[in-house]
Amino acid sequence: MVLSMNKKNLFPSPPGSICHLLLLLVIIPLRTLGLVRLPPNVTIPAVFVFGDSIMDTGNNNNNLKTEARCNFPPYGEDLEGGGMPTGRFSNGKVPSDFVVEELGIKQLLPPYLDPNLQPTDLVTGVCFASGGAGYDPLTSKLASAIHFDSQIEMFKDYIGKLRGVVGEERAEYIIENSLYLVVMGSNDISNTYFLSHVRQLEYDVPAYTDLLLRLASTYFKEIYELGARRIGVFSTPPIGCVPFQRTVAGGITRHCVDKINDACKLFNAKLPNALDSLNRNLPDSRFVFIDVYNPLLDVIVNYPKYGYKIEDRGCCGTGKIEVTFLCTQLQPTCPNVLDHVFWDSFHPTQSVYKKLVASVLQKYIQPLSV
């Protein structure tokens, strides 16, 4: 896939007097008031995210081949700073943003392909995720998303630019000590396997999850070889319970689709062993399995406990089928988004993301930091 990047506009050469100011900002970046406490003597200078629409903060805006874009209303209507649609698949922030906020790094994690990205943005991290992507190359091809291979190429490009901004020694420190998050697998299981049925011609569910693990392990090794050490890998969520799947395959009662959730649980059960193998074979690596399946399922099943009223429909349109180009300003939105677990038929609301990220980081920051 050819990625559209205007490098001249991305990193203009500043005048000499501004260079010094930028250098100071690079060395001492402004940070937010973080809520997650790191272990003593531990610093996480930046966050980098690889993944799909759960984490994409706008990279697909410049990918005109895909329909997996949401840089239009009502997406982003509750985003800080004016409610602008930025390409985030939510009514506001997505997990990428809440992670950097909780860690006290910055308020939003910018997409790497943002044409307005500044050199100072590089120092504290960027997002490489692309809506529609997966571990399986076919998944990204079907959605015309930025595949994991291309996301890694973007990371390589990033490293070169970071060295140009802060120098070799500081760049090495940032790369080695930063937090890396990977969120993929949902589109592989939901779309490539169950919706399109393409992979069902070659694999049963156990064999397909094995394929995903082999592919994922290869990508994780590539990130490690580029210098990453603290790598958190998210489980797949209970995608059989998202409104779209309930509508398409949940029967007249629109119940959670067990066969899809079972595939997710099988993949999730195998993933920790794959990560343990990497930790044994790659010196100084800290690959950590992050369970989001059970925390999100608990929100969906026990939604009143978390303050929600509707768990089986999104806020956009009917809430049963609308997502991306079907969820536009021509479609009405719900009276109160805070009543809903889901924003559209695939993606949770900003409120749910905030609750999940806060609890997940508290649980996993220790093993990611040692």
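The legends below describe several close-up views of one predicted model.

Residues are numbered from 1 along each chain as its sequence is written, and because the model is predicted, local features need pLDDT of at least 70, while side-chain atom pairs count only at pLDDT 80 or more and totals for chains, interfaces and linings use all residues. Side-chain values use heavy atoms, with hydrogens and water left out.

**View 1**
Four strands form an open sheet in the order S1-S2-S3-S4, with parallel pairing. The edge strands are S1 and S4 (286-290), each of which pairs on one side only, and the twist from one strand to the next averages 20 degrees. Strands, like helices, are DSSP runs numbered from the N terminus (strands are E, at least two residues; helices are H or I, at least four residues), and two strands count as paired if DSSP finds at least two bridges between them. Strands of a sheet pair through backbone hydrogen bonds, either parallel or antiparallel.

**View 1. Bridges between neighbouring strands.**
Strand S1 (residues 47-51) pairs with S2 in the parallel sense over five bridges; in this pairing Val 47 stands opposite Leu 179 in S2, and Gly 51 stands opposite Val 183 in S2. S2 is also joined by four bridges to strand S3 (residues 230-234), again running parallel, and there the bridge partner of Leu 179 is Arg 230 in S3. S3 and S4 in turn pair in the parallel sense over five bridges, where the partner of Phe 234 is Ile 290 in S4.

**View 2. Strand S2 and its covered faces.**
Five of the five residues of strand S2 (residues 179-183) are buried, so this strand is largely enclosed by the rest of the structure. Here buried means under 20% relative accessible area, exposed means over 50%, and partly exposed lies in between (1.4 Å probe, protein chains only). Both faces of S2 are covered, with Leu 179, Leu 181 and Val 183 buried on one side and Tyr 180 and Val 182 buried on the other. H13 lies across S2, S3 and S4, running at about 160 degrees to S4; contact means heavy atoms within 4.5 Å, and axes are lines fitted to C-alpha atoms, for helices over the stretch in contact, with angles running from 0 to 180 degrees between N-to-C directions.

**View 3. Strand S1 at an edge of the sheet.**
Although S1 is one of the edge strands, five of its five residues are buried. Val 47, Val 49 and Gly 51 are buried on one side, and Phe 48 and Phe 50 are buried on the other, so that both faces of S1 are covered.

The structure holds 13 salt bridges, a salt bridge being a side-chain nitrogen of Lys or Arg within 4 Å of a carboxyl oxygen of Asp or Glu. One of them joins Arg 254 to Asp 312, with the closest N and O atoms 3.4 Å apart. Arg 254 lies in the loop between helix H10 (243-249) and helix H11 (258-281), and Asp 312 in the loop between helix H12 (293-301) and helix H13 (350-369), so the pair ties together parts that are 58 residues apart in sequence. Arg 254 counts as buried at 11% relative accessibility, and Asp 312 also counts as buried, at 18%.

**View 4. Salt bridges within helices.**
In helix H6 (residues 148-166), Lys 156 and Glu 153 lie three residues apart, about one turn of the helix, and they form a salt bridge whose closest N and O atoms are 3.1 Å apart. Lys 156 is partly exposed at 38% relative accessibility, as is Glu 153 at 45%. The side chains of Asp 262 and Lys 265 also meet in a salt bridge (3.5 Å, N to O); these two residues are three apart in helix H11 and are therefore separated by about one helical turn. Asp 262 is partly exposed, with a relative accessible area of 42%, and Lys 265 is partly exposed at 41%.

**View 5. A nonpolar patch on the surface.**
Leu 195, Val 248, Ile 321, Phe 325 and Leu 326 form a nonpolar patch on the surface, with about 410 Å² of accessible area together. Patches are made of residues with over 30% relative accessible area and no salt bridge, joining like charges within 9 Å and nonpolar side chains (Val, Leu, Ile, Met, Phe, Trp, Tyr) within 5 Å; accessible areas come from the Shrake-Rupley method with a 1.4 Å probe, and for residues only the protein chains shown count as cover. Leu 195 lies in helix H8 (residues 186-195) and is partly exposed, with a relative accessible area of 42%.
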